[in-house]
Amino acid sequence: MKQTNYGNWVPGTLMNLLWGGTALFLAAVLFIRFLGGSGLMQGIFLALFALFAAMALYMQACRRAFSFTGGNVMGNIHRFLLSRLPWDGRGSLLDIGCGSGTLAILCAKTWPSAQVTGIDYWGKEWNYAKAQCEENARIEQVPAVQFCQGDAAHLPFADGSFDAAVSNFVFHEVRTQPDKRQVVREALRVIKKGGSFAFHDLFEQKQLYGDMDEFLEFLRREGIREIHYEAHTERLPMVPWFAKAPWMLTGLGLIYGRK
């Protein structure tokens, strides 16, 4: 039976680069030693080998932890997000930045009667595609999920088109809108009045979102009737200690509520 391909937050291309660099610098050390090269040159390449080997081992551990067939951190975070979504599954839901379709498909399996739509930019720098999402949905036997291409900064939907919306680690990646607060407002725009939302992103990183208390108050003044915030969700038990490094999962937060 064909397996789903949901990818990994640590892409295979990065691992190939790290392990390839490790092998290259090891070969250089051995080659210089064979030729009787200087100790300084050997030391430089040995240090580069050690650096690449350490990075490769660390990122391999993270990739294993994030994998849906390994530590399943990605899947557990998705389930955590949905546990905060105040929605009964009636009506339509939009997954903004659906990637490989993982979260959208989980929504469809959680609420079988819902109309689920996943939207993503699917740029060349990501190892995801619309066909991949559709194939994953077919394998998971939830073919009713719809997938479309679009920009999270300019969603191709009218105001109030959906009963609920979710997004996971996407808003900070939207390059067409430098003001990430505007990306959040755009996501809220397409939700019906009284509809539900749960957005997970790097909300604790002030260079992206500024002061979150001030931002939440601003959203309330704009008419969001109920909004909650959980800061530093990377501290949840589901995230292993080694993945909480500054270059991996740090400064996370979840906003959720009703419009």
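His78 lies in helix 3 of a predicted model. Helices (H or I, at least four residues) and strands (E, at least two) are DSSP runs, numbered from the N terminus. At 6% relative accessibility, His78 counts as buried, where buried means under 20% relative accessible area, exposed over 50%, and partly exposed in between (1.4 Å probe, protein chains only). Not counting residues up to four places away in sequence, His78 touches Trp9, Phe68, Thr102, Leu103, Leu106 and Asn168; contact means heavy atoms within 4.5 Å. Residues are numbered from 1 along each chain as its sequence is written, and side-chain values use heavy atoms, with hydrogens and water left out. Because the model is predicted, local features need pLDDT of at least 70 and side-chain atom pairs count only at pLDDT 80 or more, while totals for chains, interfaces and linings use all residues.

Leu82 is also found in helix 3, which covers residues 73-83. With a relative accessibility of 9%, Leu82 counts as buried. Its contacts, leaving aside neighbours within four places in sequence, are Leu103, Leu106, Cys107, Thr110, Trp111 and Val166. The C-alpha atom of Leu82 is separated by 11 Å from that of Asp95, 13 residues apart along the chain.

The chain as a whole holds eight helices and seven strands. Its C-alpha atoms fill a box of roughly 75 × 50 × 35 Å, taken along the principal axes. Of its 259 residues, 49% count as buried. Among contacts between residues at least 6 apart in sequence, 76% join residues at least 24 apart.

For "transmembrane region", the unreviewed UniProt entry lists residues 12-34 and 40-59. UniProt positions are given in the numbering used here, feature names are shortened, and annotations may be inferred rather than shown by experiment. In the model, residues 12-34 are 100% helix and 0% strand, and the end C-alpha atoms of this span lie 33 Å apart. Residues 40-59 are likewise 100% helix and 0% strand, with end C-alpha atoms 29 Å apart.

Seven strands form an open sheet of mixed pairing, in the order 3-2-1-4-5-7-6. Strand 3 (146-149) and strand 6 (226-231) stand at the edges with a single partner strand each, so one side of each is left without a neighbour in the sheet. Neighbouring strands of this sheet are turned by 15° against each other on average, direction ignored. Two strands pair if DSSP finds at least two bridges between them. Strand 1 (residues 92-96) and strand 4 (residues 162-168) run parallel and are joined by four bridges, with Ala164 in strand 4 as the bridge partner of Leu93. Helix 6 (residues 180-189) packs on the sheet, where it touches strand 1, strand 5 (191-201) and strand 7 (253-258); the direction of helix 6 makes about 145° with that of strand 5. Axes are lines fitted to C-alpha atoms, for helices over the stretch in contact, and angles run from 0 to 180 degrees between N-to-C directions.

Strand 7 is mostly covered, five of its six residues being buried. Strand 5 and strand 7 run antiparallel and are joined by six bridges; Asp201 stands opposite Gly253 in strand 7. Strand 6 and strand 7 also pair in the antiparallel sense, over six bridges, and Glu230 has Leu254 in strand 7 as its bridge partner.

In helix 8 (residues 212-221), the buried residues are Met212, Phe215, Leu216 and Leu219. They cover an arc of only 100° around the axis, which puts them on the same side of helix 8; the arc is that of the directions from the helix axis to the C-beta atoms. These buried residues pack against helix 6, helix 7 (206-209), strand 6 and strand 7. The face of helix 8 turned away from its buried side carries the exposed residues Asp213 and Arg221. At the start of helix 8, a side-chain oxygen of Asp211 reaches to within 3.1 Å of the backbone nitrogen of Asp213. Just after helix 8, Gly223 takes a positive phi of about 115°.

In helix 5 (residues 130-139), Gln132, Cys133, Asn136, Ala137 and Ile139 are the buried residues. Their arc around the axis is only 160°, which puts them on the same side of helix 5. The buried residues of helix 5 pack against helix 4 (102-110) and strand 3. Gln141, which follows helix 5, has a positive phi near 65°.

Technical notes: A polar contact is a pair of N or O atoms within 3.5 Å; within protein, one must be able to donate a hydrogen and the other to accept it, and residues adjacent in sequence count only if both atoms are side-chain atoms.
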